[in-house]
Amino acid sequence: MNKKPSFFLTLMLVASLLVSCNDAWEEHYGEKAPSTTASVIVYHGSVADYLRGEPSLSAMVGAYSSHGLMEKMERGTYCTAIVCDDSHIGTADRETMGHALFAANALSATAVSPSSLVQDYGVYTLSGKNLWVTEGADGTVLLGKRKVLRVVKADNGYVYHVDGIIPVQPSVYEYIRSLGDDHSFFKALIAEFEETYFDADSSTPNGVDAMGNTTYADSVMAVRNTLMDRYTEDGLSSWNMQSEAYQSTLFIPSDEQLLTAYHTALDSIPAWLNRTATPEDSLKFRKWMVGSFFVDHRLQPEEVSADVEELLECVGGCIRQMDEATDCETF
């Protein structure tokens, strides 16, 4: 079962669970009107039809439409929409709703039934993030920290009405990128080991060329960290800072602390090794520093208090290595 993320001195993100709904769906071809059964309202029509027919959801329909997501809720595709009535949307919320990922974060490509909404379950959305299920103080169900007010079951999925908009929470990597200039050296150290690559799994194939190579309707570019991304011996991803599929703890020293440590280490080389510092020494120190920022599991406050004497394990697993001469990939 997934564990919900939390923020401490650290930013944590945890494993995501993409769930398929195996319910046998009844086909509704009658009048498009809701009928109440127990705690779920059954609507005879698609999720998109329901949203368009609800005047109180005009702001949400506008957000979905502006990003071309309404067609993903038509009959023939399963989905789950998390919506907020206009009456629960304030002036400041309108700016949040303009975020590029807001609408995608309020839509899942799977039909998530109410029975799945149990403590610490994650609803995986089109934004690539999870909306976590928790229990409110009064026993109510919270989705993305918002109270679920009512549930509608349409022909091709569910609509969950919640009592406020759900902001897009950043991943560890997005959080690092959002830091200000006072952490410029910290960000530069991490970025030094980044590379951009073509993400075939996230791109949409549209055919095959004359040479038998797959062609794509779009080219999704992604970022990986050659120093910190971790894999199994078989090359399967086991941890990275870009994905919410993994638990993480992030330590953020000040640039002053980092620069002091870095220069002190370089200046100590003559005394330690009886020679001047080399570029290889500098690179080794930068790698050690970046490696100390991350832990690949969740740490509680008491585990990082000043009186803890045990050493912290950072990030384990294999590193991906590419031999460009032979185009051979090893881990």
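**Inside a predicted fold: cores, helices and rings**

Colleague: Which residues of helix H2 are buried?
Modeller: A helix here is a DSSP run of H or I with at least four residues, a strand is a run of E with at least two, and both are numbered from the N terminus. Buried means under 20% relative accessible area, exposed means over 50%, and partly exposed lies in between, using a 1.4 Å probe and protein chains only. By that rule the buried residues of H2 are Ala 59, Met 60, Val 61, Ala 63 and Tyr 64.

Colleague: Before we go on, what pLDDT do local features need in this model?
Modeller: Residues are numbered from 1 along each chain as its sequence is written, and side-chain values use heavy atoms, leaving out hydrogens and water. This is a predicted model, where totals for chains, interfaces and linings use all residues, side-chain atom pairs count only at pLDDT 80 or more, and local features need pLDDT of at least 70.

Colleague: Which residues touch the most other members of the largest nonpolar core?
Modeller: A nonpolar core is a set of buried Ala, Val, Leu, Ile, Met, Phe, Trp, Tyr and Cys residues joined through side-chain atoms within 4.5 Å. The largest one holds 29 residues, and those touching the most other members are Leu 51, Tyr 64, Met 73 and Ala 81.

Colleague: Which element supplies the largest share of this core?
Modeller: Helix H1 (47–53), helix H2 (58–66), strand S3 (79–84), helix H4 (102–105) and strand S8 (146–154) each give at least two residues. The largest share, five residues, comes from H2.

Colleague: Which residues does Leu 149 touch, leaving out those up to four places away in sequence?
Modeller: Leu 149 sits in strand S8 and is partly exposed, with a relative accessible area of 43%. A contact means heavy atoms within 4.5 Å. Leaving out those sequence neighbours, Leu 149 touches His 88, His 161, Val 162 and Asp 163.

Colleague: Within what arc do the buried residues of helix H6 fall?
Modeller: Helix H6 covers residues 184–191, and its buried residues are Phe 185, Phe 186, Leu 189 and Ile 190. The arc is taken from the directions from the helix axis to the C-beta atoms. These buried residues line one face of the helix, because seen down its axis they fall within an arc of 140 degrees.

Colleague: What is the bridge partner of Gly 207 in strand S12?
Modeller: Two strands pair if DSSP finds at least two bridges between them. Strand S11 (residues 205–208) and strand S12 (residues 214–216) pair in the antiparallel sense over three bridges. They form a hairpin with five residues between them, and Gly 212 in the turn has a positive phi of about 85 degrees. In S12, the partner of Gly 207 is Thr 215.

Colleague: Is the ring pair of Tyr 43 and Tyr 50 stacked or edge-to-face?
Modeller: Rings of Phe, Tyr and Trp (its six-membered ring) pair if their centres lie within 6.5 Å; planes under 30 degrees apart are stacked, over 60 edge-to-face and the rest tilted. That rule gives eight aromatic pairs. With centres 5.3 Å apart and planes at 70 degrees, the pair of Tyr 43 and Tyr 50 is therefore edge-to-face.

Colleague: And which residues do ring pairs link into a cluster?
Modeller: Phe 186, as we saw, is a buried residue of H6. Ring pairs join it into a cluster whose members are Phe 186, Trp 239, Phe 293 and Phe 294.
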